[in-house]
Amino acid sequence: MYQRILVPIDGSATSERALQEAIKLAAGNSVLRLVYVLEEIYSLDAEAYAFVNYPSLQDAMRNTGKRILAQGAKKAQKSGSNVESALLDVSGERVASVIDGEAQQWGADLIVIGTHGRSGLSRLLLGSVAEGVARGTSVPVLLVRAE
C-alpha cells in the first residue's frame, strides 16, 4: 500500500478523475499531497505588458490555484484521507520537472496524474506533460484517463 501520494490537480475533469483514484488508493493511513502548478507568464512583450495588469493577473491565477486546492482537499478529507496542499511556481522550469522535484522532496511513493486535458490550465498538468513526468521521474506514476 502506498503511503504518500502526490496528486497534481488543475480543476479539469481528468484531474478530478485522478483525485478520485488517489482517494481510493489512500484508504487507510495514507497521506495525499495535492499540488497546483502556478505557471509564470513569460510570453508578454513590452507592448502587451503595457496593457496587462501583470500583478493582478498573477494574483488571479494564484487565487484560482488556492480555490482548486481547497476544493480538492475538501473532497479528500470527506473520505477520511489526510491531506496536504501546495502551490508550486514553475519559475522557468518544465512542469514535469517541477512535479518530479516536489515528489522527491516530499518523499512521495506514487504520483497520480490525469491525462488528456482539453485546453487552458489543463495543458499544464495533463497530456504530454503527464507523459513527461511518467518518463522522467524516479517515483512511480499512475496516469488516469477521464472516462
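Just after helix α4 (95-106), G107 takes a positive phi of about 75 degrees. Helices (H or I, at least four residues) and strands (E, at least two) are DSSP runs, numbered from the N terminus. This is a predicted model, in which local features need pLDDT of at least 70 and side-chain atom pairs count only at pLDDT 80 or more, while totals for chains, interfaces and linings use all residues. Residues are numbered from 1 along each chain as its sequence is written, and side-chain values use heavy atoms, with hydrogens and water left out.

The expected span of a helix is 1.5 Å times one less than its number of residues. For the twelve residues of α4 this gives 16 Å, and the end C-alpha atoms are 16 Å apart, which agrees. Buried residues (under 20% relative accessible area, with exposed over 50% and partly exposed in between; 1.4 Å probe, protein chains only) in α4 are V95, A96, V98, I99, D100, E102, A103 and W106.

**Sheet**

Five strands form an open sheet in the order β3-β2-β1-β4-β5, with parallel pairing. Two strands pair if DSSP finds at least two bridges between them. At the edges are β3 and β5 (141-145), each pairing on one side only. From one strand to the next, the twist averages 25 degrees. Strands β2 and β3 run parallel and are joined by eight bridges; V35 stands opposite A86 in β3. Helix α1 (residues 13-25) lies across β1 (4-8), β2, β4 and β5, and runs at about 150 degrees to β4. Such angles run from 0 to 180 degrees between N-to-C directions, and the axes are lines fitted to C-alpha atoms, for helices over the stretch in contact.

**Nonpolar cores**

A nonpolar core is a set of buried Ala, Val, Leu, Ile, Met, Phe, Trp, Tyr and Cys residues joined through side-chain atoms within 4.5 Å. The largest has 20 residues, of which L6, V95, I99, A103, A108, I111 and V133 touch the most other members. Two or more residues each come from β2 (31-38), β3 (82-89), α4, β4 (110-115) and α6 (128-136). Helix α4 gives the largest share, six residues. Contact means heavy atoms within 4.5 Å. Leaving out residues up to four places away in sequence, I111 touches L6, P8, I99, A103, V133, T137, V139, P140, V141 and L142. Another core, of 19 residues, lies apart from the largest one and includes V7, A22, I23 and A76.

**Salt bridges**

A search of the whole structure finds five salt bridges, each a side-chain nitrogen of Lys or Arg within 4 Å of a carboxyl oxygen of Asp or Glu. The table gives some of them.

| Pair | Closest N to O |
|---|---|
| R17 and E21 | 3.5 Å |
| R33 and E84 | 2.9 Å |

E102 lies in helix α4, so its pair with R33 ties together parts that are 69 residues apart in sequence. R33, E84 and E102 are linked in a network of salt bridges. E84, at 33% relative accessibility, counts as partly exposed.
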